[in-house]
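Hi,

Here is the structure I promised to pass on. Have a look at it first, and then read my notes below.

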Amino acid sequence: MRALVWNGVNDLAVETVPDPHVLNPRDVVLEVSLTTTCGSDLHFIDGYLPGMREGDVFGHEFLGTIVEAGPEVHERKVGDRVVVPSFIACGNCWYCDRQMYSLCDTTNPNAAAQQPLLGYPSAGIYGYTHPFGGYAGSHAQFVRVPFADVNCFPVPDGVDDLSALFVSDAVPTGFMGADFCDVSPGDTVAVFGAGAVGLMAAAGAKILGAERVIVVDRLPERLAAARDHVGAETIDYSDTDSVQEALRETTGGRGPDAVVEAVGMEGHGTGLQSVVDRAKQAVRAETDRATPLREAVLACRKGGVVAVLGVYGLTDSFPTGVVLNKGLTIRAAQQHGQRYVPRLLRHLADGELRTSFLATHRMPLEDAVEGYRIFKEKEDGCLRAVFSPS
Amino acid sequence: MALPRTVLAGARDAATRALAHVHRSDDGDGGGTGPASSSQTLTVERPAERVLAALRDPEVLSRLLGDVGTVSAEGSRYTWALGADHVVTTLSESVDGLTFARTTPEDVAEPEDDTEGGTARAVEVWAEFTVTPTPDGTRSQVRARSQLPGGTAEFTVLYRLRALLQTGEIPTLGPQPTTREEDR
């Protein structure tokens, strides 16, 4: 089959690789209909996250049709059109029982490699670094999905492929961030970062009842998307002396009740700390440019919630004292998609949620290298590049 | 099994190194003053008797080893085939666990009398599993100890054991690693 592979830092290619097959009895193989870029891919493409190997098929946000099913797959069948959360859950372990699916205790084949880093390994994920499992990714014509009855969610007839695609990752990740905020009527939620995850966090906060949602970014087209497609207010941080002051002023001096950080380790920013971060990251003295994370902590009201969705490594100068003295609650996770996908598909079917606007660029898988370049450079207003493998 | 080749090679090397450290044991529990051991502990959401039954089963042990090797058994005699190396161990059980120990009288350079008037034998703990049930009996805390350094092998075995007992499967990539065919 054809697939997009990682051959080294900033070295991608579409190549012919072996087809996947059912390996365990609860597996299925999907023919991938659509698969999309994710900002977290850029971290290993740019070389900030180690653990990739030459030839790795990557990609973790996708939907497709089941073409092969193992003998212990009972609730899904060949021909089903399904969307699949990016983290792989077994449905049988302590964490899955508590709906913390991205912490699944049994699906990471390289758990021993990750244990020294995290203490306790995460679940496996498709198409990411090897400490996260080393599973083949979705930027391919076919992809193997373990534990299909747990991880494959049929897409309702009224929901088109493009809308359902983002329910694989961007939508549940963003919605989870909003859910972490424990939104009450009248609340104000600020969202740092207007990429697909940030926009879906903003949309999620609206659905969960936030009175005001304020999205912070610097790219005009993304801020326009936040206003036009989500109904959020916006702040352009590149045109503001202090985001913290702007948020304080617009909330009557109290600050937002919760802040969702949806940027991650390659964040941009202004000010001296941002320059220091950029220099340290360039010489590999620090993995993260964490300006948005620090800003989120500073901007949140006392006693509020900061939900961290961006992918980080090791962050310098994290304002722990601010967290303590303001009594903040920090909540973070990779997406527990299986908890949210059924609800999100219903919101799509009911028209309460719109996602297809995230697909600003569509192209065949053969053009995926160029797609990633456009996505990385945020060229031409790119929010997401979507690939069609077949 | 899904481990990268470098990890597999490392595990085999570590096993070979550990085998070179056959030591004398005077305390009868496989401990003694031999090379440092490592251990890992995981909770398995299954009763202790199921865990112990799995650990006695050579087919299960083979699945836990993955590409590193296979295990066969005749009674309490278990043979671990690790590449070109074959390690023979004897299974002994206690109330709360089981031990696979390697007994190698031929490795004793200067035989000496033991308390029974026989010949002292070098005993090496190959792998030791302690299984402690939770008060309600539904779960087990399983501790694995061996002379392999670092704890990686113990963690890998316990992780796979937990996955197998709780899901019926061991997470695997092979024979479909993400890397190219020639890298397998």
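Before the notes, a word on the UniProt records: their positions are given in the numbering used here, the feature names are shortened, and annotations may be inferred rather than shown by experiment. With that in mind, UniProt lists "domain: Alcohol dehydrogenase-like C-terminal" (unreviewed entry) at residues 196-264 of chain A.

Some housekeeping: this is a predicted model, in which local features need pLDDT of at least 70 and side-chain atom pairs count only at pLDDT 80 or more, while totals for chains, interfaces and linings use all residues. Residues are numbered from 1 along each chain as its sequence is written, and chains are lettered from A and ligands numbered from 1 in the order in which they are written.

Residues 196-264 of chain A are 45% helix and 20% strand, with end C-alpha atoms 13 Å apart. Helices (H or I, at least four residues) and strands (E, at least two) are DSSP runs, numbered from the N terminus. UniProt also has "domain: Alcohol dehydrogenase-like N-terminal" (unreviewed entry), at residues 25-157 of chain A. That span is 17% helix and 25% strand, and its end C-alpha atoms lie 28 Å apart.

Now the sheets of chain A. Two strands pair if DSSP finds at least two bridges between them. One open sheet has six strands in the order 13-12-11-14-15-16, with parallel pairing. Its edge strands, strand 13 (233-236) and strand 16 (329-332) of chain A, each pair on one side only. From one strand to the next, the twist averages 20°; angles run from 0 to 180 degrees between N-to-C directions, and axes are lines fitted to C-alpha atoms, for helices over the stretch in contact. Strand 11 (residues 188-192) and strand 12 (residues 212-217) of chain A run parallel and are joined by five bridges, and Val189(A) stands opposite Val213(A) in strand 12.

What packs on this sheet? Helix 11 (residues 291-299) of chain A does, touching strand 11, strand 14 and strand 15, and its direction makes about 175° with that of strand 14. Contact here puts the C-beta atoms of two residues, placed from the backbone, within 7 Å. Helix 6 (residues 170-180) of chain A lies across strand 11, strand 14 (258-261), strand 15 (305-308) and strand 16, running at about 160° to strand 15.

Another open sheet in chain A has three strands in the order 2-1-4, and its pairing is antiparallel. Strand 2 (11-16) and strand 4 (56-57) of chain A each have a single partner strand, so one side of each is left without a neighbour in the sheet. Strand 1 (residues 2-8) pairs with strand 4 of chain A over two bridges, and Val5(A) stands opposite Val57(A).

On to chain B, which has four helices and seven strands. From the N terminus on, its elements run α-β-α-α-β-β-β-β-β-β-α. Of its 184 residues, 36% count as buried, meaning that 20 or more other C-beta atoms lie within 10 Å of a residue's own, with C-beta atoms placed from the backbone. In helix 2 (residues 48-56) of chain B, the buried residues are Ala48(B), Val51(B), Ala54(B) and Leu55(B). They cover an arc of only 125° around the axis (taken from the directions from the helix axis to the C-beta atoms), which puts them on the same side of helix 2 of chain B.

Finally, how many residues does each chain bring to the contact? Chain B gives 22 residues and chain A gives 31.

Cheers

Conventions: Buried ≥ 20, exposed ≤ 12 C-beta atoms within 10 Å, placed from the backbone.
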